[in-house]
There are 2 protein chains.
Amino acid sequence: MRATLMYGAGDVRIEDVPDPQLLQPTDAVVRVTRSCICGSDLWPYKTKKPGEQGARMGHEFIGVIEDVGAEVTTLRPGDVVVAPFVYSDGTCDFCHEGLHTSCRSGGFWGTPDVDGGQGEAVRVPQADGTLVALPVGEDDALMASLLTLSDVLPTGHHAAVNARVTPGGTVAVIGDGAVGLCGVLAAKRLGAERIIILGRHADRTAIAEQFGATDVVSERGDEAVARVKELTGGDGAHSVLECVGLDEAFTTAVGLARPGGAIGRVGVPQYPALPSSGLAFLKNITIAGGIAPARAYIEELLPEVLDGTLQPGTVFDSTIGLEAVPDGYRSMEERESIKVLIDF
Amino acid sequence: MRATLMYGAGDVRIEDVPDPQLLQPTDAVVRVTRSCICGSDLWPYKTKKPGEQGARMGHEFIGVIEDVGAEVTTLRPGDVVVAPFVYSDGTCDFCHEGLHTSCRSGGFWGTPDVDGGQGEAVRVPQADGTLVALPVGEDDALMASLLTLSDVLPTGHHAAVNARVTPGGTVAVIGDGAVGLCGVLAAKRLGAERIIILGRHADRTAIAEQFGATDVVSERGDEAVARVKELTGGDGAHSVLECVGLDEAFTTAVGLARPGGAIGRVGVPQYPALPSSGLAFLKNITIAGGIAPARAYIEELLPEVLDGTLQPGTVFDSTIGLEAVPDGYRSMEERESIKVLIDF
């Protein structure tokens, strides 16, 4: 089959790889029908050292089950399924606590023996625990929105939950990528009254407003902090969603959080240490979040995607075929596209 | 009157200063009867640059009201009162939310026009909001325990609350100073089943065990992490109380927190950035806490101090007079004393 491999920064190739097969009785093999490129894929795209071995890419996909192992009980060939960006057994204590990203039998896509999502098929370990069947056909009109259940919608939701968004609260969202935009949507869904998006790209802030943002702040750094304070009576936002992962973004997050407020961080940290430690201490800011247990949130979010209440698929502003994926990376890296959908 | 001034690292002097007077109608003047030296006083004692102007020291005290301003309604001369380590009006939105450390009219002791607690008397701004009357005589046998209500007991409690200590939970406490020991007491009070203290001084760990610690870990750093994981079935502690404020202590805290767990940090941070950002992200560790709103907790903790359920006064292992305070600093710095009480 054909799949995406990254050999180094800027070097993405589509190549022939072995077809996946059932290795464990708890596996399924899924033929991928939709996949996408993630903002987090851009970190290695910018920095990965060149190597002879390519890394399999992609961790968000929807597909159709082709085969299941003997111990898979809840899924069967033909089912349309969505996969969260980490696989998990659904039975261990961490899964029961809703922390599927720490599952005792879990792991990441694109690791040895486990395929990446940006390819024609995937061996899915722990299929019963990992996959969620979708009550739609494989080419349903909702596919773009349903695909966000793999990662960006639950990740935005995780940011909002960890930033303790409450009905009537004031929220600031740092990052106008797909996750930040989904954070706006999640904050709105949780009842926030005021949602301030920090962004300066008109196409992105327009989607943010469509998703529920009430204010757009185009300033950055200290100026953004001053502007958000001005908008919030001088005190800052109760909840800050940090959807970038850069040092400066986190510094800004601490600056614009109201004393006693919370930062939900979901931007994969590109810094070794969290800055503004002293200011966060003085203001008693709670710093929560991390890698989002997407699987824990899919059942909660799915009905609202199916009935059209949530339309997160808007974050996809470009659709390509698999062979065009290298150009899709370039396009996202150069911020021509917010998020690229791969239609197989 | 006589009061403590710090002129630089290692240079603490007792000198004559002006007697405090009412400056605002919301003030009270308190004659100090008990005070103490705080672990946080040791940071400037180690690092303060020499200066011609001495800094007034002390932020924990009990005393008797000598005079009140015209707008003070709840207190009168003769009342025995305890002061939290930050003054606050008790009426603003932050105070109503329990975040008295962010009070809109609040501030710190030992700042211009506001006396420090390590002196014979103090002008107390916002007296109605700040002071809590104690139903005891000024030389009551409970004085040592009552004095911990100024800072170390509520600070330990703040660490436990922010580390989300719950009945049956597993707790690790980093720091065997007075705050760490009070953290053990607070965790026990909140129902923790297992409380692991990291410490290597027998006198301190003995108090920790008396306060409810079930295990003592004398290792540090990675070895401490390994040992705590061994004690907790491999996963680490649900709740970690970081009562030191050093980089290495925070790194250890992240290491020994269970995935999905929480760190309550109350050690005044001596680092500009919180280390182990990536590991905390991967484990979804919540980092909460900061400067403790002691005033918010005094009413909750006071009854249990008065009836002897809590005996935090044990952390004072030395009692001195005011003129001996410079030696008290030396004694705490050299870890001869855990915490020094000043009896006037």
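Chain A is divided into domain 1 (2-151 + 293-343) and domain 2 (153-289), the bounds being taken from an automatic or database domain assignment. The model is a predicted one, in which local features need pLDDT of at least 70 and side-chain atom pairs count only at pLDDT 80 or more, whereas totals for chains, interfaces and linings use all residues. Residues are numbered from 1 along each chain as its sequence is written, and chains are lettered from A in the order in which they are written.

The centres of the two domains of chain A, taken over C-alpha atoms, are separated by 27 Å. Contact between these domains involves 16 residues of domain 1 and 16 residues of domain 2, two residues being in contact if their C-beta atoms, placed from the backbone, lie within 7 Å. On the domain 1 side, helix H11 (residues 294-306) of chain A gives the most, with four residues; helices (H or I, at least four residues) and strands (E, at least two) are DSSP runs, numbered from the N terminus.

Between the chains, 27 residues of chain A are in contact with 27 residues of chain B. Strand S15 (257-265), helix H10 (277-282) and strand S16 (286-289) of chain A each give two or more residues to the chain A side, and H10(A) gives the most, with five residues.

Within chain B, helix H5 (residues 152-162) and helix H11 (residues 294-306) pack with their axes 9 Å apart, at an angle of about 100°, the axes being lines fitted to C-alpha atoms over the stretch in contact and the angles running from 0 to 180 degrees between N-to-C directions. H5(B) is therefore roughly perpendicular to H11(B), a term that covers angles of 65 to 115 degrees. The contact is made by B:Leu153, B:Pro154, B:Thr155 and B:His157 of H5(B) and by B:Ala294, B:Tyr297, B:Ile298 and B:Leu301 of H11(B).

Methods: Angles under 35 degrees count as roughly parallel, over 145 as roughly antiparallel, 65 to 115 as roughly perpendicular and the rest as oblique.
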